[in-house]
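Hello,

I am passing on the structure we spoke about.

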Amino acid sequence: MRLRNLTAAIVLALTLGIAGCSREKQLLDTVPADAAMVMVLDADKLIGYMNGQAYGGTLSADAVIDRFLVRATERSRNELKTLLTSGAVNRHAMVGFSVRGDAPSVVASMAQGDFFYTFEINDVDKLVKELDAGSPTDISGYDAYLLEGAVMLVRDKQGWIAWGDPAVAVSRLDSQLDVASATAVSSVKGINEYLCDDDGFLRTAVSMAKTGEQGWVCVTTSVGDAGKKLEIDAEYLDQSGKKAYMDKYLEDIDLKMLHYTTPSDMFVMAVGIKHDTDWEGLVNYIQTIFPLDTQKRSAIALALPYLKRIDGTLLVAAGATSDERISRSDFSNDINFVVAVQVTKSQAKATLKDFAGFASLLGVPMIEKDGGYILQARGMTPVSLGIVDGSTIVIANRSLDQLGNDAAAKLMKGKSFGLRANVPNAVGESIYGGRGFRLEMELDGDFEADFSLNGSTAPIFEQLSEIVAAGTDERPDTGDADNAMGFTPIDTIR
């Protein structure tokens with residue numbers, strides 16, 4: 001009997017898994033393979049994470065989402081909540097995609113192209129009633145419903161949210177569906193499997209075609225640590241659908257550099273850079289991802305000769321001198337720091353002299369001492385500039401004889417890039433008037449990042465929603481909102 005029950009359970013699990021992926025694939029069949037960006041949102045998971053009470057918080061999911069939408073109009077709030085929470089749509093897989101624009105860079109192409117949001121509809125009449133969308137207009141075989149600032153198009157129990165004139169939106173959507181009918185994103189090796197995966201609540205694939213490569217950067221957003229932190233994982237899939245390293249210009253961090261850090265450092269960042277890095281090629285590649293204006297390109301051109309001298313690890317670390325006296329007006333004296341970079345040994349002295357020359361041009365008073373320099377701007381802690389171990393340029397306003405930061409060293413061991421920031425809540429409020437936070441990033445073939453807020457043990461979405469709603473006295477009416485909205489109360493969804 002137990003064996004029969006176990007077999008039935010396995011078959012049921014496999015059936016649900018296949019059915020879930022099938023529903024996602026059906027939507028992805030309507031997305032063109034040349035889209036600039038494709039994302040799959042699992043709204044079931046997202047709303048579940050917003051239920052702070054399930055993770056030791058005090059706010060319900062309804063209260064959290066209302067705070068996120070506190071500045072929205074009543075109508076748009078109703079529409080957004082309906083699309084995210086209504087049983088009239090399949091919330092497990094909701095797909096958004098950006099049409100590739102004519103701009104030369106990846107980011108500008110995504111921003112320039114039309115964006116569509118599509119989903120499977122379980123009950124059209126129920127969805128229309130909950131949206132209070134009124135009667136439809138037939139446009140080329142679609143039922144078009146006007147929403148606030150948008151239009152919902154419905155055909156064969158599939159819905160699309162688009163923007164702009166409804167007739168123009170239909171024409172643009174039809175052209176994309178024609179492309180998808182020939183080559184859909186579901187046919188792209190590796191990307192279909194990634195987007196159909198069950199990891200995280202949001203999976204995003206960004207095409208790198210504008211860079212001259214046919215790969216995709218895939219970013220997964222999830223929640224960990226019992227609902228208290230956001231986790232972001234990124235990987236690169238090449239045109240064959242296989243994972244490719246994201247750090248080909250980098251090498252492992254030299255952990256000896258972390259001896260310059262202190263246990264109290266609020267910020268530690270290190271990156272290992274290969275001496276033969278093709279900086280011109282890297283800059284050109286970056287320009288195909290992010291558009292750079294003339295000012296930025298000029299700054300990069302000035303920095304290039306010095307970037308080419310790097311031969312090893314670049315380290316930046318900073319901490320508060322004394323928490324109790326931190327103030328925004330006296331920020332420079334309250335933060336102690338070290339910047340250290342390993343350069344080609346034959347270029348070390350010339351690089352040091354160049355850095356000192358820049359400081360002189362800026363009018364910073366300095367004296368030369370023991371083969372290095374001491375900079376002393378008026379009202380600031382003295383900053384030393386010198387060479388350590390023959391090839392490491394160091395700029396610091398503190399002693400280099402430190403205890404190290406074990407947490408940062410543990411994070412960065414065997415990594416080519418690492419960043420650890422841990423800002424206490426009181427420090428954040430004093431320096432920039434905001435919450436303290438913890439952020440960890442690392443790169444070792446793939447990219448990982450974790451983010452959480454300090455000063456509270458509440459779930460991350462509950463805390464973020466309160467930050468969004470801060471500064472306004474407006475609060476949505478939470479009386480009979482669930483019944484008035486006409487859909488299942490969020491906190492009963494399992």
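The notes below cover the pocket, the cavity and a surface patch, in that order.

Please keep in mind that this is a predicted model.

The largest pocket

The volume of the largest pocket is about 1,400 Å³. Its lining is made up of 37 residues, and those closest to the centre are Met 246, Leu 282, Tyr 285, Ile 286 and Ile 289. By class, the lining of this pocket holds 32 nonpolar residues, two polar ones and three charged ones.

Several elements contribute to the lining of the largest pocket. At least two residues each come from helices H5, H9 (279–289) and H10 (294–307), and strands S9 (216–224), S10 (229–237), S13 (265–273) and S14 (310–320) likewise each supply at least two. Helix H9 has the largest share, with seven residues.

Thr 211 sits in the loop between strand S8 (202–207) and S9. Its relative accessible area is 15%, under the 20% cut-off, so Thr 211 counts as buried.

The cavity

Searching the whole structure for cavities of 30 Å³ or more gives one. The space in the largest cavity is about 40 Å³. Lining the largest cavity are Ala 36, Arg 100, Val 106, Ser 109, Met 110, Ser 207, Ala 209 and Lys 210. These divide into four nonpolar, two polar and two charged residues. Helix H5 provides the largest share of this lining, three residues. Helix H5 is also among the elements that supply at least two residues to the lining of the largest pocket.

The surface patch

Which residues make the nonpolar surface patch of about 240 Å²? They are Val 107, Ile 286 and Phe 290. Val 107 belongs to helix H5, which runs over residues 106–112. With a relative accessibility of 31%, Val 107 falls between the 20% and 50% cut-offs, so this residue is classed as partly exposed.

Regards

Note on methods. Residues numbered from 1 in each chain as written. Predicted model: local features only at pLDDT ≥ 70, side-chain atom pairs only at ≥ 80, totals over all residues. Heavy atoms only, no water. Patch = residues over 30% accessible without salt bridge, like charges linked within 9 Å, V, L, I, M, F, W, Y side chains within 5 Å. Areas by Shrake-Rupley, 256 points an atom, 1.4 Å probe, with all protein chains shown as cover. Salt bridge = Lys/Arg side-chain N within 4 Å of Asp/Glu carboxyl O. Helix = DSSP H or I, 4+ residues; strand = E, 2+ residues; numbered from the N terminus. Buried < 20%, exposed > 50% of the residue type's maximum accessible area, 1.4 Å probe, protein only. 1 Å grid on protein atoms, 1.4 Å probe; cavity = no way out; pocket = protein on both sides within 12 Å on 5 of 7 lines; lining within 4 Å. Points joined across faces, edges and corners; volume = space filled by probe spheres on them. Nonpolar A, V, L, I, M, F, W, Y, C, P; charged D, E, K, R; others polar.
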